Amino acid sequence: MAINHLFEEKPPYGVTEQVSPLVRRVLAENPSIFTYHGTGTFIIGPPEGGTVAIIDPGPKEDSHIEALLKAVDGQKVSHLLITHTHPDHSPAAAAIKEATGASTFGFGSHPELSIKAYEARVAKAIEEGKEPEPEDGEGAGDQDFVPDVLVFDGEEIVGDGFTFEVLHTPGHISNHLCFSLNEETTLFSGDHVMGWSTTVIPAPDGNLNDYLKNMRRLTSRAENIYRPTHGPPIENPVPYVEALIAHRENRSQQILNELAKKPAPIMSIVKEIYKDVNKELHKPAAASVYAHLLALKEEGRVTAENSEDFESPWQLI
Ligand SMILES: [Zn+2]
């Protein structure tokens, strides 16, 4: 199933772009294979004066923090909304909070399962005498972040001139939130839905069934534009979301078809279903297949003797 990904020219770093009447974006200079051109921090509120909210202050980079503070000069910052605790999203919140007195809003601290998975990767790399591989691109996560205000699914965040509905959207990470801006029928989709790439599901904290559930609920919502933290806006988002769902469902079916032939460990499944794909991509593909297998296991469709052991063969139930 083809997904029509969306790309954009690299916007200038540290420059404030007015992207809609109530929304500005400042791009951080942290481009990578996981962040596209970098983290897009959004400022919601009037272009000058008045009160604003900031979504995903971004990485702890002095130049980005300075650019954000310059952008909101002469304005009151009332809310710092955090989609999740990966290092390209939340770490700059501390400095912005200190400079502006704004409160931080989030679902919770960095999840325990992500910390454990990271520590296991580091331990394995040390044992093998290698550098730890950032399989999900997220390293250790932002373990320092603690939201001032805990928010939950369905809650409203009301500011002076803007109102957000909070959506809890676990999948990429269990503490992921999206924020729907009522005044512009816009969803700030964080890493849950991105135009330029599919979302990484680093299992086991990343959960494909949660991800799909929270993708399906988007298809009946009213937002007509999404603004992800990375990459361009997504206009007419529902067909795009449906294509992303179909892509994952297809992948699960391919895995089930492979296991119907014979029980197989993850790498054998990868070699079959990614045989037309460059071998260098087989490792990240394995992480994705693992997320699918855990999701199918949760549904009682597949099993493995030891689902934490990458070598263990999987089979249909
Ligand atoms: Zn992320």
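I began with contact range: in the protein chain, 61% of the contacts with a separation of 6 or more are between residues 24 or more positions apart. I note that this is a predicted model.

Next I looked up burial. Of the 317 residues in the protein chain, 53% count as buried.

I then went through the secondary structure. I find seven helices and 15 strands in the protein chain. The radius of gyration of the chain is 20 Å, and the globule rule gives 20 Å for 317 residues, so I record the chain as being as compact as a globular protein of that length. For overall extent, I took the box along the principal axes: the C-alpha atoms fill roughly 65 × 45 × 35 Å.

I turned to one helix pair. How do helix 6 and helix 7 pack? Helix 6 covers residues 266–273 and helix 7 covers residues 282–298. Their axes lie 9 Å apart, at an angle of about 110°. Angles of 65 to 115 degrees count as roughly perpendicular, so helix 6 is roughly perpendicular to helix 7. I have the crossing of the two helices down as right-handed.

I listed the residues that make this contact. Helix 6 supplies Ile266, Met267, Ile269, Val270, Lys271 and Ile273. From helix 7 come His282, Ala285, Ala286, Val289, Tyr290 and Leu293. Which classes do the residues fall into? I noted ten nonpolar residues, one polar and one charged in the contact of helix 6 with helix 7.

How values were computed:
Residues numbered from 1 in each chain as written. Predicted model: local features only at pLDDT ≥ 70, side-chain atom pairs only at ≥ 80, totals over all residues. Heavy atoms only, no water. Axes fitted to C-alpha atoms, helices over the stretch in contact; angles between N-to-C directions. Helix = DSSP H or I, 4+ residues; strand = E, 2+ residues; numbered from the N terminus. Parallel < 35°, antiparallel > 145°, perpendicular 65-115°, else oblique. Left-handed = near helix turned anticlockwise from the far one by under 90°. Contact = heavy atoms within 4.5 Å. Nonpolar A, V, L, I, M, F, W, Y, C, P; charged D, E, K, R; others polar. Rg over C-alpha atoms; globule rule 2.2 N^0.38 Å. Buried < 20%, exposed > 50% of the residue type's maximum accessible area, 1.4 Å probe, protein only.
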